[in-house]
Amino acid sequence: MTILDRLRQGITTASAEQTRALATELAATLPADTTLALHGDLGVGKTTFVQGLAHGLGVREQVTSPTFAIYTVYRGAGRTLIHLDAYRLENAAQVESLLLEEFLVSPWILAVEWPEKIGDWLSPTARHLTLSIVEGDQHRIMLQ
């Protein structure tokens, strides 16, 4: 069973390390120019998940939430990771003013936290992942 098949069924992780490892595994399977829409409330592990993606793409920088910067661009081994936190955005027009397209030079992965804030801007081919807390410190990640 592939990582995508497992994610469609939902995967539960018991630690931040397991969440990062899962995202690291996923990063290796993503085709070039992929958008990941990361849904979930505050504290469910979206940034932790992006840290794992970055590791899987060979990013050496520390990955943190770009809430106040809105987005951060990381150069990996052969791919660029763009981490967008849309929490403070109110509409798709604000995303367009960020000039993200300048950084979408193939091959790239765009990880969007709070995608519901900019739904009209997202590509129809975006892969939607929902992250949630299920019990105590356990988190669930499911591909829609």
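## Exercises around H39 and its surroundings

Not counting residues up to four places away in sequence, H39 touches K46, P115, E116, H128, L129, T130 and L131, where contact means heavy atoms within 4.5 Å. The model is predicted, so local features need pLDDT of at least 70 and side-chain atom pairs count only at pLDDT 80 or more, while totals for chains, interfaces and linings use all residues. Residues are numbered from 1 along each chain as its sequence is written, and side-chain values use heavy atoms, with hydrogens and water left out.

**Exercise 1. Find the strand that holds H39, and the residue whose side chain makes a polar contact with the side chain of H39.**

Step 1: Locate the residue. H39 is in strand β2, which covers residues 34–39. Helices (H or I, at least four residues) and strands (E, at least two) are DSSP runs, numbered from the N terminus.

Step 2: Look for the side-chain partner. The side chains of H39 and H128 are joined by a polar contact of 2.8 Å. A polar contact is a pair of N or O atoms within 3.5 Å; within protein, one must be able to donate a hydrogen and the other to accept it, and residues adjacent in sequence count only if both atoms are side-chain atoms.

**Exercise 2. Which residues of the largest nonpolar core touch the most other members?**

Step 1: Learn the terms. A nonpolar core is a set of buried Ala, Val, Leu, Ile, Met, Phe, Trp, Tyr and Cys residues joined through side-chain atoms within 4.5 Å. Buried means under 20% relative accessible area, exposed over 50%, and partly exposed in between (1.4 Å probe, protein chains only).

Step 2: Pick out the residues. The largest nonpolar core has 27 residues, and L7, L26, L38, F49, L53, L81 and L129 touch the most other members.

Step 3: See where the core comes from. At least two of its residues are supplied by each of α1 (3–9), α2 (16–27), β2, α3 (46–56), β5 (108–113), β6 (127–135) and β7 (138–143). Apart from this core lies another, of 17 residues, including V73, L110, I118 and W121.

Step 4: Zoom in on one member. Leaving aside neighbours within four places in sequence, L26 is in contact with I3, L4, L7, F49 and L129.

**Exercise 3. How many residues of strand β4 are buried, and which strands pair with β4?**

Step 1: Count. In β4 (residues 80–85), 6 of the 6 residues are buried, so this strand is largely enclosed by the rest of the structure.

Step 2: Sort them by direction. T80, I82 and L84 point one way from β4, L81, H83 and D85 point the other way, and all are buried.

Step 3: Find the partners. Two strands pair if DSSP finds at least two bridges between them. β4 pairs with β3 (residues 71–75) in the antiparallel sense over 5 bridges, and 6 bridges join β4 to β5, which run parallel.

Step 4: Follow I82. V73 stands opposite I82, and I82 stands opposite L110 in β5.

Step 5: Look at the turn. β3 and β4 form a hairpin with 4 residues between them, and G78 in the turn has a positive phi of about 90°.

**Exercise 4. Are D33 and W114 buried or partly exposed?**

Step 1: D33 is in the loop between α2 and β2, and W114 is in the loop between β5 and β6.

Step 2: D33 has 34% relative accessibility and so counts as partly exposed, whereas W114, at 11%, counts as buried.

Step 3: Check the backbone. Phi is near 60° in D33, a positive value in a residue other than glycine. W114 is not a glycine either, yet has a positive phi of about 60°. Most residues other than glycine have a negative phi.
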